[in-house]
Amino acid sequence: MSITVEHLTHIYNKGLAYETKAVDDVSFTVGDGEFIGIVGHTGSGKSTLIQHLNGILKPESGRIFVGDTEITAKGVKMNEIRKRVGLVFQYPEYQLFEETVRKDIAFGPRNLGLSEREIEERVEESMRLVGLDFMTYAERSPFDLSGGQKRRVAIAGVIAMRPEALILDEPTAGLDPKAHRDILDMVLSIRDRSGNIVILVSHNMGDIAEMADRVFVMDGGKLLRAGSPADIFADEDYLKRIGLGVPPATRMANVLAKGGFAPDRTILTLDELAGFLASPSSGLRRDAT
């Protein structure tokens, strides 16, 4: 499984006064099992880009391949592509509509024409993957759940389709810190168990630094940089110029570096920062008392 994008361009309101090139000649390849983080300020083209990857939007020009299938070619059955590439929109809980959690999660698999036994297996499996006990939650109304639990149900509905790639647009937006952490742990667990491609769009640089194998930086519809989190977040000044920041741990390490306590590598996480501060090489001294 791979996703390849070649010279993708998308224009909103073409030919009108408010014409906007939302995605501008973007190319990249995501390999099997990769975890990609996409960052960029509001309006940089992140959400428009990912909506092309399972055919929700059609490009002005360019090609997209999911595995060996060119999904931008004529005659491609997009329902088949959407089974392979699952997309979780921002605030997916707003799309819940059934009277029970079981029925909501089963909606997608039922539309695939599966048997009731297979549907039930997929519902139980997806609930387990998102950390919801089947016996406890299956017959409850999704509207009676907490915000974090609702989001888990919505994500379970996508996972129940068993996609080979899972794309999430700001999956932690609006959640309290505990629910935020729970959703991140859930995403990592799904990736570890399934081996799927995961593409995460987020404004939270700490989350991206912790989770992603590679980071794509977008601005003005263009893919400006792609690299490891260490490579991307090593250049704080560059990111500031395009309206972005670095993870909190990186920012603190950079402050320490200006004071002469420079680590020998880019610090990305709070655990890495704590390890550096505790090491003799940091040059920091503790009061013996």
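**Close-up views of a predicted model**

**View 1. The largest pocket and what lines it.** A pocket here is an open set of points on a 1 Å grid over the protein atoms alone, where a 1.4 Å probe fits, with protein on both sides within 12 Å along at least five of seven lines; lining residues have an atom within 4 Å of a point. This is a predicted model, where local features need pLDDT of at least 70 and side-chain atom pairs count only at pLDDT 80 or more, while totals for chains, interfaces and linings use all residues. Residues are numbered from 1 along each chain as its sequence is written, and side-chain values use heavy atoms, with hydrogens and water left out. The space comes to about 700 Å³, a volume being what is filled by probe spheres set on the points, which are joined across faces, edges and corners. Helix 3 (101-111) is among the elements that supply at least two lining residues, and helix 3 gives the most, with 5. (Helices are DSSP runs of H or I, at least four residues, and strands are E runs of at least two, numbered from the N terminus.) The lining splits into 16 nonpolar, 7 polar and 4 charged residues.

**View 2. The second largest pocket.** This one has a volume of about 270 Å³. Its lining has 14 residues, with R181, G206, D207, E210 and L270 closest to the centre.

**View 3. N54 in its loop.** Look between helix 1 (46-50) and strand 4 (61-66) for N54. N54 is buried, at 5% relative accessible area (buried means under 20%, with a 1.4 Å probe and protein chains only). Beyond its neighbours within four places in sequence, N54 is in contact with M78, I81, R82, V85 and L87 (contact means heavy atoms within 4.5 Å).

**View 4. The hairpin of strands 9 and 10.** Strand 9 (residues 214-219) and strand 10 (residues 222-227) run antiparallel, joined by 5 bridges; strands pair if DSSP finds at least two bridges between them. D219 has K222 as its bridge partner. Two strands, 2 residues between them: in that turn, G220 has a positive phi of about 60°.

Key:
Buried means under 20% relative accessible area, exposed over 50%, partly exposed in between (1.4 Å probe, protein chains only). Ala, Val, Leu, Ile, Met, Phe, Trp, Tyr, Cys and Pro count as nonpolar, Asp, Glu, Lys and Arg as charged, and the others, Gly among them, as polar.
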